[in-house]
Amino acid sequence: MDPITYKLPHTPQGIQKPGEPVKHISSPAVTGSSVLGIKYKDGLMFAADCLGSYGSMLKFKNQHRLHAIGKSTVLAFSGDVSDFQYMQETLDELMNSERNWEDDQSLGTKSIYSYIHAIMYQRRSKVDPLWNSYVVGGIEKGKPFMGYVDLYGTTYEADSLATGFGKHLAQPLMRKALEDKEGDLTEEEARDVLLRSLRVLFYRDTRSLNLYQIAKVTGEGVTISDPTHLDSEWEFGRNIRGYGF
Amino acid sequence: MTSVGTGYDISSSTYSTEGRIYQVEYATQAANSFGTSIGMKVNNGVILGSVSRKISKLLKPASNKCISHVDKHIGIATTGWTADAREILNIARREAENYRSSYKIPPPTTQVVQRLGFYIHAHTLYSSVRPFGVNSIIGGKDDNGYHLHMIEPSGEHWGYRGCVVGKGQKEVKTELERIDLDNIDPTLAVNRMVKMLLKAHRDSEKEEPYHMEISWVTEETNGYHERVPQNIIDDAINQFENEGHEGEGEGADEAQETMEVE
Amino acid sequence: MVPTEHHGDQWEPYVDNGGSTLAIAGEDFVVIGSDTRSSDGYNINTRYDPKAFKFTNNTVLATTGYRADCKSMAKSVQAQITKYAHDHGKEMSVEAMAQMLSIMMYQKRFFSYYVFPIVAGIDKEGKGAVYSYDPVGNMERVGFRAFGSSSALLQPFIDDQLGFKNRADIKPEERELHLPDLQQAKNIITDVFNGAAERDIYTGDGLQLFTITKEGGIELEELPLKRD
């Protein structure tokens, strides 16, 4: 009798034959959508919604996607949640073994970013990538730093960064906000552009949620807000004609 | 020693005719001949302390520590061969880390102690290896509260309310037994520990310069293993020096207080 | 059913991040220009991600292609160059560095770096040197070379202007006599990069212009380019 099996949407088809090159079949299962990061006067601000999607299913509606690493670094992720959790464990292990030295030193944002990049590039080079895009930011020696890393090991730095749909929808809004103020936003202006971006993402990205978190890194350290409701307006739909109404 | 020359003392894989394992006994002797370490499990905390003779004025302070972090909430104090202690520390950290990655929770102190005890014991079974010349006192906090354990070179380990190992073993043990460990607060306990360590040092090493380390896991450190602030240690040292430590009456007032509680 | 839009038979471990580089060797100098944009498809990742790096007081390596590979390769080259300096008590020559890079790239022949490097420097005779490579390490010393997303725009132009290819007015044996001077070379680079930024979406934002001379070492100028 055949055993009862349940096929997950991403269950690999076929089996590994002996002598064949190893095939890593990796594709994301539970995923997070865009994350955003922007530099402002006192430091950096990050935003992400709280959704962990399983395909088109809104599976986890309280998924935290902004995390503090150490005292002045934030790690924001999109993509596969379990791959992120693996990364988080790895970083926790790293921070812990650094603490063991008791040398009054701790890893700064750039070092953490470099470490994440090393892991991501190593995995892509094994053709077994961690299915994530990361925005890593923080304050090191009084200076703000923010960088992007993804499953290809691609890295870049900028005053505003976004992953996923945010690259298309939020990045133009954030770049404009920065250009208008010559890269010197106040906390309110930074929060405002992030919320506007989240709202656009909620309207246009089907894998998004109107529950979000904002994280801040300043000279004082990291603060991550509780999940907060995002207001949106759908009434205009009543006035739209021509789509079968 | 009666056994020397009979051949039973060259390998830990063979018992002597009286049922002893001399290599393990020698290791124990080695471990006990360097400084003194104390562990105290007290009211809402566990404290580790260690004192040893400063072997040279040229040493860089704190360049060879005998108290270390095993994990966020577990600490270890070692006495004996420092190179052996290093190995034990690495194994302890490895076991704690493995436990964490398997179960995604902070490793319980007893788990780390058991795994470490197993490893140390394994080094008493084969003629190809030398037993560790180290005594380890391990203190930590987990869901079941505070814990204090000591592992001997034989791999034997027990849980304790108070334990001491090293040169000043005898005297400190008597004094520890006089303290109401369950009810004494961590800060006061540190004060007592510093004095006991200093006395142990003076008894065997006279006025030789010493190296002292104290750490704790308490409510105040949020369950983390941390070093005790230097000013608390200095206060205790000053008190000790001012009280005078020649007579047996040292710390008698406090001892009486705790006696009354008992 | 497929849970997300990514999911192919085989995941591709390469990306093209665009950008262009151009190097020109003169009699006693070499100039090398590169833009600072990094792209992924229609997205601009960042407007400032330099492609060219100084390695010794005499050599610059500029690389287009897949940025992660470019950076990883540059890091390995830097490590070897530092080691060489420690072992030999002197800096690596541009000839040695060029050969070393070829070997390092060929060592990854069957999982190659997706990169198009140019090495520029002053050789042992004091002459400007430009080395160009394909992604598996095939190396060639040339007088000038354009690589990257605008290479099809830039290379034909400099072939005409600097190489006098297919020109009836200059005899093949006289081409060597018309090497550009420093100012001419710099002008060509700034002009053609403005042209590339106009017509190529992957080239723009900023231009880094390295000038290497025997006396002056390496100088870097940064100039703006179109950002659209």
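Two strands are taken to pair if DSSP finds at least two bridges between them, strands (E, at least two residues) and helices (H or I, at least four) being DSSP runs numbered from the N terminus. The model is predicted, so that local features need pLDDT of at least 70 and side-chain atom pairs count only at pLDDT 80 or more, whereas totals for chains, interfaces and linings use all residues. Residues are numbered from 1 along each chain as its sequence is written, with chains lettered from A and ligands numbered from 1 in the order in which they are written.

In chain B, strand β1 (residues 36-42) runs antiparallel to β8(B), to which 5 bridges join it, and M40(B) stands opposite G162(B) of β8(B). Because 5 of the 5 residues of strand β8 (residues 162-166) of chain B are buried, this strand is largely enclosed by the rest of the structure; a residue is buried if 20 or more other C-beta atoms, placed from the backbone, lie within 10 Å of its own. G162(B), V164(B) and G166(B) point one way from β8(B), and C163(B) and V165(B) the other way.

Chain C comprises 4 helices and 12 strands, and 43% of its 228 residues count as buried.

Conventions
A residue is buried if 20 or more other C-beta atoms lie within 10 Å of its own, exposed if 12 or fewer, and partly exposed in between; C-beta atoms are placed from the backbone.
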